[in-house]
Amino acid sequence: MAQITARMPDPVVEALDSAARILNRSRAEVVRQAVERYLEDFDDLHVALTRLQDPTDEVLDWDQVKRELLYSD
């Protein structure tokens with residue numbers, strides 16, 4: 001496992017330490033989990049933006065979709 005170093009403002013470190021105490025986790029574990037979640041969200045956002053920018057992707061009319069969902073059996 002690689003080790004990294006990051007500089008953070010004192011208020012962020014204080015909040016991090018407080019969260020670590022409350023969660024009964026180490027500072028490193030809280031940072032690791034936060035980064036993992038951020039990267040998961042980033043990946044989801046990247047996929048969504050890529051799909052939105054795809055000119056071959058069909059554009060759906062919201063009113064039509066809503067009608068089809070509401071009035072289908």
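Two exercises on a predicted model follow, each with a worked solution.

Residues are numbered from 1 along each chain as its sequence is written. In this predicted model, local features need pLDDT of at least 70, side-chain atom pairs count only at pLDDT 80 or more, and totals for chains, interfaces and linings use all residues.

**Exercise 1. Overall form**

Task: State which secondary structure the protein chain has, and how its radius of gyration compares with that of a compact globule.

Solution: 
- Step 1. Count the elements: three helices and zero strands. These are DSSP runs, numbered from the N terminus (helices: H or I, at least four residues; strands: E, at least two).
- Step 2. Read the order from the N terminus on: α-α-α.
- Step 3. Take the radius of gyration over C-alpha atoms; the globule rule is 2.2 Å times the number of residues to the power 0.38. A compact globule of 73 residues would come near 11 Å, but the protein chain has 21 Å.

**Exercise 2. Helix H1**

Task: Compare the reach of H1 with its expected span, then find what follows the helix.

Solution: 
- Step 1. Locate the helix: H1 covers 10-23 and has 14 residues.
- Step 2. Apply the rule for the expected span: 1.5 Å times one less than the number of residues. For H1 that gives 20 Å.
- Step 3. Compare: from its first C-alpha to its last, H1 reaches 20 Å, close to the expected value.
- Step 4. Look past the end: Asn-24 follows H1, and its phi is positive, near 55°.

How values were computed: Side-chain values use heavy atoms; hydrogens and water are left out.
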